[in-house]
Amino acid sequence: MASRSFELESVEMIAAAAVGEPGKSSKLREAMPSAEEMTLACEKFHLQGLLTRARELLEAQELPADKKLAPAPGTPNVGEADWAIGELGLGYHESKGKFVIVAREVEEEGSEPATARLWISPEQVRAFTEQAEAVLAGGRPTCQFCGLPVDPSGHPCPAANGSRPIF
């Protein structure tokens with residue numbers, strides 16, 4: 001089976017979008033140089049984790065904010081997902097002065113998961129975090145008591161009766 005893994009040293013644009021009703025779907029979209037595009041399906045917690053890690057790394061590296069890119073578009077056009085993300089990570093390579101996003105496809109029995117390694121600049125990370133935060137803010141509101149998402153029909157709040165759900 002041919003490998004479905006790739007590494008791109010230069011990504012033109014990266015953006016997040018929510019597709020469908022709040023709570024149903026999130027997408028991560030990368031536009032590559034040469035006008036090639038890729039859409040990866042991910043969960044809200046993937047984006048939240050990516051944003052948390054991006055803030056940590058930007059602060060830890062004390063990267064100057066002298067150059068600022070315009071934020072990515074609010075709602076990028078997204079097509080059908082190329083594949084769904086199972087694992088998502090972010091790191092910083094000091095000698096390259098770039099961030100790397102590593103995404104791995106959800107593993108399915110009998111197949112090799114696809115992986116993507118995308119190198120982006122600190123300015124792109126800053127622009128992405130601003131844009132992705134706006135996408136996440138447009139999702140379902142959270143309960144002020146328990147922090148869980150509230151559906152339009154409401155939600156059974158574990159704090160309302162003093163107990164937590166057992167998982």
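This is a tutorial dialogue on reading the features of one predicted model.

User: What kind of model is this, and how are its residues numbered?

Analyst: It is a predicted model, in which local features need pLDDT of at least 70 and side-chain atom pairs count only at pLDDT 80 or more, while totals for chains, interfaces and linings use all residues. Residues are numbered from 1 along each chain as its sequence is written, and side-chain values use heavy atoms, with hydrogens and water left out.

User: How many helices and strands are there in the protein?

Analyst: Helices (H or I, at least four residues) and strands (E, at least two) are DSSP runs, numbered from the N terminus. Here the protein has 2 helices and 7 strands, and along the sequence they follow the pattern β-β-β-β-α-β-β-β-α.

User: What share of the protein counts as buried?

Analyst: A residue is buried under 20% relative accessible area, exposed over 50%, and partly exposed in between, using a 1.4 Å probe and protein chains only. Of the 167 residues of the protein, 37% count as buried. For an exposed case, take glutamate 21 in the loop between β2 and β3 (26-31), which has 55% relative accessibility and therefore counts as exposed. The C-alpha atom of glutamate 21 is separated by 8.4 Å from that of glycine 139, although the two residues are 118 apart along the chain.

User: How should I read the length of helix α2, and is α2 mostly covered or uncovered?

Analyst: The expected span of a helix is 1.5 Å times one less than its number of residues. Helix α2 (residues 122-137) has 16 residues and reaches 23 Å from its first C-alpha to its last, which is close to the expected 22 Å. It is mostly covered, since 12 of the 16 residues of α2 are buried, including Val125, Phe128, Ala132 and Leu136. Glutamine 124 is also in α2, and at 14% relative accessibility it counts as buried.

User: How do I describe the way α1 and α2 pack?

Analyst: Two packed helices are described by the angle between their axes and the distance between the axes. The axes are lines fitted to C-alpha atoms, for helices over the stretch in contact, and angles run from 0 to 180 degrees between N-to-C directions. In this model α1 and α2 pack at an angle of about 140°, with their axes 10 Å apart. Angles under 35 degrees count as roughly parallel, over 145 as roughly antiparallel, 65 to 115 as roughly perpendicular and the rest as oblique, and α1 and α2 are therefore oblique to each other. Contact means heavy atoms within 4.5 Å, and the residues that make it include Leu47, Leu51 and Leu58 of α1 and Val125, Thr129 and Leu136 of α2.

User: Which residues does leucine 58 touch?

Analyst: Leucine 58, in helix α1, is buried with a relative accessible area of 14%. Leaving aside residues up to four places away in sequence, leucine 58 touches Leu63, Phe99, Pro122, Val125 and Arg126. The C-alpha atoms of leucine 58 and valine 125 are separated by 8.5 Å, although these residues are 67 apart along the chain.

User: Which residues touch the most other members of the largest nonpolar core?

Analyst: In soluble globular proteins, nonpolar side chains tend to be buried together. A nonpolar core is a set of buried Ala, Val, Leu, Ile, Met, Phe, Trp, Tyr and Cys residues joined through side-chain atoms within 4.5 Å. The largest one here has 28 residues, of which Trp83, Leu90, Phe99, Ile120 and Phe128 touch the most other members. Helix α1 gives the most to this core, with 6 residues. Tryptophan 83 lies in strand β5 and is buried, with a relative accessible area of 7%. Among the residues that tryptophan 83 touches are Met38, Leu40, Ala103 and Ala116.
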